[in-house]
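I opened my notebook today to look up a few things in a structure. Here is what I wrote down, one entry at a time.

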Amino acid sequence: MNPRIISANLVVKLTSFHRERTTMFFTIAFPIILILVFGTIFMSQDNVSYHLCVQDLDQTISSAQSIKTLEHDGEFKITRVDPAANATQYVRDNKVNLVLVIPKGYENSLMQRTDFDNPDASVTITYIYDPSSSSVVTKMQILDAVLAGINQEMSRMPPFIRSAQRSILTRKYRFIEFFIPGIIAMSVMTLSLFSTVDSDTELRQKGIIRKLSTTPITRTDWILSGILYQFILAVISTIVMLLVSYAVFNVSLHIDAWLPAFILLDVIAFVGIGMILTRFVKEAQSAAAAANSISFPMMFLSGSFFPIELMPGFLQKFAKMLPLYYVNEGLRASMVFVDNLAALKDAAVIGVFAAVVFILGIMATKWEEGQ
Amino acid sequence: MTNEAEHVIEVEHLTKRYGGLLAVNGISFTVRKGEVFAFLGPNGAGKTTTVEIIETIRTPTSGNVRLLGMDVTRMKRDIVPRIGVLPQGFSSFDRITVRETLQYYSRLFCRGKTDIDGLIGLVNLKDKTREQYKNLSGGLKQRLGIAIALVNDPEVVFLDEPTTGLDPGARREVWDVLLGLKEKGKTVFLTTHYMEEAELLADAVAIISRGKIIAMGSPRELIESNAKYLLLTLQSIGDKVFEIVRNLGFEPVHDNHKNIKVRVAQTDDVLKILNAIKDAGASFLNLDVRKPNLEEVFLQLTGEALREDPKQMASK
Ligand SMILES: Nc1ncnc2c1ncn2[C@@H]1O[C@H](COP(=O)(O)OP(=O)(O)OP(=O)(O)O)[C@@H](O)[C@H]1O
Ligand SMILES: [Mg+2]
């Protein structure tokens, strides 16, 4: 290992990268586009379930009070629907999934019950909803719970069973915060895999590797400088991703030494796989195809975009055999759940994998050609 | 026994087999210090195989190869810093400039100070130092490749087909660079398809064909020892002269300019032919008698063209 040679290589690689404007743009921009697109989708989904349309046909102080309670206890953002409107039509026209209708005579019945203790006095609150909406069921459950609370309170008896919530997470996290570590893991993987495959096959085809084998540079120097280069790119790309996530989605992620550690392991693992691929696939085009066939299943099945719990059982088992799964999990453990022990376990798995692949990659890399 | 001061390269019974193909078949030769040695042969003759075995980047199947007194299969680490290589079809990093490329390679050799400007001057790239590799023409790329091969001030320089694919002007410019190397007293191992190149530059030539060396010596020696005939060229109209020459028992051939070429053993034969033409009342426009050049010697030795070139094919 010779630091001077490694730094000479780094200079050449970084200069080339810097001068290849389009490559540079897409390397940085691709993950950003993913984050922006998916982030926006998840944001609006989050909003849907917290939105509630209410049509108050009673228009009294009591009904207004109840709406306040809904707003507060159910944490709903309330939209008022004109009492003159046809609620069913409103649901259709405005593509909302539910309108809650407070009937006329609400205050009247309420007074009958509270002031005169008339047990026959009651009101029916109607949910007019669109069953094709996936989140409407959850919304109705929340509403039921809020209404049950109101009923219970009116009985003037203290509740018998109370519930307490204790989350296993230190805090609530949003889906975008789950998503960002996955995108970091995935883009570092694709970056490392594809640039290793691309540059190795190109340099080999152009005979630059052959020329290098007549200089004192060793295979180890060459591979180490490749890893260092990929690591630098990965760190730059991650920083840009995080900046965008903070600026646009105001995420709150925990950043510590685990982040660069997982990026490095990610880089080593996939540079290693890239080196093995280029050993067995000679043509640049088929090498890219091979890289695709590795990265695609990894991207979609290892939980980069969505939790693997959403997949059928056998796919979940498969996901747990994918190296990227452990990078995803490890990054989430450190950035979202701040769970060092879990991060350590994931780091151990991906670390062993990276070491094995890397050694195989070094063995596979043929320095001298035409033996 | 040879010693290092005398022989920089010693190759003994070198054989290289690729599967069933015997690419190099038991060749032996030596290269003296300070000489330009040309390894001449057609496509697929085994030139690159041989030169890359000497450069330590391919392994021989059998035989002994010593470079600067060291066994090439065992002392790669010691050999590499002392040699310079221009591989066949040389190429470099597209986006890196001439100067940066030279700096890069000189840093690989970890030498304190390389005279980059001197090298740039030597290969005449002064105006192109800030040009990226991908923007250089073929001839400039080859000259950069030669400069790269010199960054470590090597004792032996290997140039594998430095002028293939260049136009005549660019080729001449590369030759100027090579003549400069020769003046500096570098030992140069040159492989080429081009006879003129070997004739112009080389002190010693080895002709290789199908993995075997079929002739070796200085260009002059090769011609003297192999060309024991004269080449008569006649320019005439019609087939009459051709018939006359053939009827005399010679074997005339047409070249692609419709000239008649005849190999004759001595000057008397020339007179015999001329007299026969005169007696038959035929005539010719032009006549040329000369000793063959290296190219024609090669043709005679191998029965095959050096290049896939219609000129040679026609005179075969
Ligand atoms: N790595 C290899 N594997 C298999 N066969 C090879 C290999 N390298 C060369 N050959 C074969 O060995 C023979 C000699 O090849 P070589 O490249 O040494 O010829 P050359 O004289 O340099 O030809 P050219 O003038 O085309 O460069 C050819 O038939 C070639 O196809
Ligand atoms: Mg060759």
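**Entry 1: contacts of the ligand.** I started with B:H193, where a polar side-chain atom sits 2.8 Å from an oxygen atom of ligand 1. I kept in mind that this is a predicted model. I then asked how much of ligand 1's own accessible area the protein covers. For B:G44 I noted a backbone N or O atom, 2.8 Å from a ligand 1 oxygen.

**Entry 2: the shell.** Where does ligand 1 lie? I saw that its place is between chains A and B. I counted 16 residues around ligand 1, with B:N43, B:K47, B:T48, B:T49 and B:Q88 the closest. By class, I listed 8 polar, 5 nonpolar and 3 charged residues in this shell. In chain B, β2 (21-32) and α1 (47-54) each give at least two of the shell residues. The largest share, 3 residues, is from α1(B).

Entry 3: I placed A:K95 in the chain A loop between α4 (87-94) and β3 (98-102). Is A:K95 buried or exposed? I noted it as exposed, because its relative accessible area is 75% and exposed means over 50%.

I also found a positive phi, near 50°, at B:R210. That residue, B:R210, is in the loop between β9 (204-209) and β10 (212-217) of chain B. I wrote down B:R210 as exposed too, with a relative accessible area of 64%.

Key:
Residues are numbered from 1 along each chain as its sequence is written. Chains are lettered from A and ligands numbered from 1 in the order in which they are written. This is a predicted model: local features need pLDDT of at least 70, side-chain atom pairs count only at pLDDT 80 or more; totals for chains, interfaces and linings use all residues. Side-chain values use heavy atoms; hydrogens and water are left out. Helices (H or I, at least four residues) and strands (E, at least two) are DSSP runs, numbered from the N terminus. Buried means under 20% relative accessible area, exposed over 50%, partly exposed in between (1.4 Å probe, protein chains only). A residue is near a molecule or strand if one of its heavy atoms lies within 4 Å of it. A polar contact is a pair of N or O atoms within 3.5 Å; within protein, one must be able to donate a hydrogen and the other to accept it, and residues adjacent in sequence count only if both atoms are side-chain atoms. Accessible areas come from the Shrake-Rupley method with a 1.4 Å probe; for residues, only the protein chains shown count as cover. Ala, Val, Leu, Ile, Met, Phe, Trp, Tyr, Cys and Pro count as nonpolar, Asp, Glu, Lys and Arg as charged, and the others, Gly among them, as polar.
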